[in-house]
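Work through the exercises below with the sequence and the model open. Each task is followed by a solution in steps.

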Amino acid sequence: MNLYEKSFELILHAGDAKSKCLMAVESAREEDFEETNRLMEQANESMKLAHKCQMDLIQDEANGEKIDMTVLLVHAQDHLAMALSAIDYSNELIEMHKKFNELSQKINKLI
C-alpha cells in the first residue's frame, strides 16, 4: 500500500471514530444509553484501526523507508488527533448526560 492509500485509510478510520463519537453524544442527549455505549464501542474499534495505520507508517519509516511529508499525510494526522480529542470529550459529555439523567429522575420522584 502506498503513502496516499495509507493516508486515506487513516482519514477513513479516524473520521469514522469521530462521527461515531458525535452520534454517541447525541444518543446520550436523547437518554438512549444502550445506543450510546454501542456507538462508543464502534468509535474505539475505528480508533484502533486508525492507530494501526499510523503505526504502520511509523514502522515503515523506522525500517528505513522514506516517508514524504505530504499535505494529505498532515491532514490524516490531523484527523487522528481530532478523533482522539472527540473520544475524550465525548466520554466526558456522556458521563454528564448520565448524571443529569439520574438527577432528573430523582427530582421527578420527589415531585
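**Exercise 1.** Is the crossing of α1 and α2 left-handed or right-handed?

Solution. The model is predicted: local features need pLDDT of at least 70, side-chain atom pairs count only at pLDDT 80 or more, and totals for chains, interfaces and linings use all residues. Residues are numbered from 1 along each chain as its sequence is written, and side-chain values use heavy atoms, without hydrogens and water.

Step 1. Helix α2 covers residues 33-62, and α1 packs against it at an angle of about 160°, with the axes 8 Å apart. The pair is therefore roughly antiparallel (angles over 145 degrees; under 35 is roughly parallel, 65 to 115 roughly perpendicular, the rest oblique). Axes are lines fitted to C-alpha atoms, over the stretch in contact for helices, and angles run from 0 to 180 degrees between N-to-C directions.

Step 2. The crossing of α1 and α2 is left-handed: the near helix is turned anticlockwise from the far one by less than a right angle.

**Exercise 2.** Describe how α1 packs with α3.

Solution. Step 1. Helix α1 (residues 3-29) and helix α3 (residues 71-110) meet at an angle of about 15°, with axes 8 Å apart. This makes α1 roughly parallel to α3.

Step 1. The crossing of α1 and α3 is also left-handed.

How values were computed: Helix = DSSP H or I, 4+ residues; strand = E, 2+ residues; numbered from the N terminus.
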